[in-house]
Amino acid sequence: MKQVTKGQWGGYDTYILHSRELEVTLLPRLGNNVISLWDRKEERQILRTPDESDLAFYMQKPYHFGIPLLVPPGRIRKGQFRFGGASYQFVQNSAGDHHIHGLHRTQSWCVSDIEEDEDGCAVTTEFNTADDDSWMAQFPVPLRLEMTFRLQDARLQQTLKVTHLGDTSIPFGIGYHTWFMIDGQPQRWKLTLPAESIYELNDELLPSGNLLPLGPLDSLHHGMSLSGKDLDTVLRTGGQQPSEALLMRDDGYGIRYTADKDYFRHWVIYTKGLAEQYLCAEPYTWLPDAPNLDRDASFTGLITLNPGETLTLPSTLEILYPTL
């Protein structure tokens, strides 16, 4: 069962990683998204997965499904910022003429390696930003992105490597807009997250630079029920505790979602209205609008990526099963 097979979705090749517990479907040619995470033991879909009839919508907003990579995540005021004496203008694609959720959408990644061994299986994919004219028009810096997906039993690890191929230092940030299914039963699920505080947002959903107390969300520390929750909230974990979201069902089934605490110090929790079908748990390395905030990198999470540097960012998704 520890193998990689090929399939099709919407006329595009997929790569499917198999273990006894899980089937993970990758769509490299349309943004390198994980579009399906099927739990073989529970016979349930863990992620919001697109139907092939959703292809047109997927092409427009791929970050509404699966585990999409955001480079960079969140909003940027008017799509504009300056860094190191250079000015950048990203496409204005959201309300208020702001930019949202980065330059990475449906670009075609190449599969560069497949591994199958006694412990598990893995697929490695690559994308060079210099191959994307739209990307380079907005962020004219050549980067090589390499992602390795490794499945071992009930554990999926994603490791992103970003190599700066240009000659000027740049601001960098990534995030994942991960869509977990809660099956129309929010009352059965609780979320635990080591949040310290809430980032205050203005009426355009841009950070003000101020922090607010957790208030009622203090229950995140010991398991917050999703029943009745309507959230689009940016939380600070600060890097002192593991950067980990734990989503547990009342029968002991759950999902542990862990990111590198040295970089992923911000999480967005989004329920798409009143929590019913979905919970988005979104680890970010930088705070939305980070380059425009008058705060230092320890607050914003902005990474300065220098020429020749490679940044390695691991994250892990593990399924937990009830103990009998």
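The following questions and answers concern the predicted model shown above.

User: How many helices and how many strands does the secondary structure of the protein come to?
Analyst: In this predicted model, residues 24 or more positions apart account for 64% of the contacts with a separation of 6 or more. The elements of secondary structure that make up the protein come to 3 helices and 28 strands.

User: What is the radius of gyration of the protein, and what does the globule rule give for 324 residues?
Analyst: Along its principal axes, the C-alpha trace spans about 60 × 45 × 35 Å, and buried residues make up 53% of the 324 residues. The protein is as compact as a globular protein of that length, because its radius of gyration is close to the value from the globule rule. The two values are 19 Å for the radius of gyration and 20 Å for the rule.

User: Which strands stand at the edges of the open sheet of 5 strands?
Analyst: This sheet has antiparallel pairing and the order β1-β2-β3-β4-β5. A strand with a single partner has one side left without a neighbour in the sheet, and that is so for the two edge strands, β1 (3-9) and β5 (44-45).

User: Which residue in β5 stands opposite tryptophan 38?
Analyst: Strand β4 covers residues 33-39 and runs antiparallel to β5, to which it is joined by 2 bridges. The residue that stands opposite tryptophan 38 in β5 is glutamine 45.

User: Which strands stand at the edges of the open sheet of 9 strands?
Analyst: The pairing in this sheet is antiparallel, and its order is β11-β12-β13-β14-β28-β24-β23-β18-β21. Each of the edge strands has a single partner strand, so one side of each is left without a neighbour in the sheet; these strands are β11 (110-116) and β21 (224-225).

User: What is the bridge partner of leucine 191 in β23?
Analyst: Strand β18 (residues 189-192) and strand β23 (residues 243-249) run antiparallel and are joined by 4 bridges. Within β23, the bridge partner of leucine 191 is leucine 247.

User: Is arginine 144 buried, partly exposed or exposed?
Analyst: Arginine 144 has its place in strand β13 (residues 143-152), and, leaving aside residues up to four places away in sequence, it touches Glu126, Phe127, Asn128, Lys161, Val162, Thr163 and Leu165. Buried means under 20% relative accessible area and exposed means over 50%. With a relative accessibility of 32%, arginine 144 therefore counts as partly exposed.

User: What distance separates the C-alpha atoms of arginine 144 and threonine 310?
Analyst: Arginine 144 and threonine 310 are 166 residues apart along the chain. In the model, their C-alpha atoms are separated by 9.1 Å.

User: Which residue takes a positive phi in the hairpin of β8 and β9?
Analyst: Strand β8 (residues 80-83) pairs with strand β9 (residues 86-89) in the antiparallel sense over 4 bridges, and arginine 82 stands opposite serine 87 in β9. The hairpin has 2 residues between the strands, and the residue with a positive phi near 60° is glycine 84.

User: Which residues lie nearest the centre of the largest pocket?
Analyst: The largest pocket has a volume of about 330 Å³, and β22 (230-236), β25 (266-274) and β26 (278-284) each supply at least two residues of its lining. The lining residues divide into 10 nonpolar, 4 polar and 4 charged. Of the 18 residues that line this pocket, those nearest its centre are Arg75, Ile100, His101, His177 and Asp232.

Terms used
Residues numbered from 1 in each chain as written. Predicted model: local features only at pLDDT ≥ 70, side-chain atom pairs only at ≥ 80, totals over all residues. Heavy atoms only, no water. Pairing = 2+ DSSP bridges. 1 Å grid on protein atoms, 1.4 Å probe; cavity = no way out; pocket = protein on both sides within 12 Å on 5 of 7 lines; lining within 4 Å. Points joined across faces, edges and corners; volume = space filled by probe spheres on them. Nonpolar A, V, L, I, M, F, W, Y, C, P; charged D, E, K, R; others polar. Buried < 20%, exposed > 50% of the residue type's maximum accessible area, 1.4 Å probe, protein only. Contact = heavy atoms within 4.5 Å. Rg over C-alpha atoms; globule rule 2.2 N^0.38 Å.
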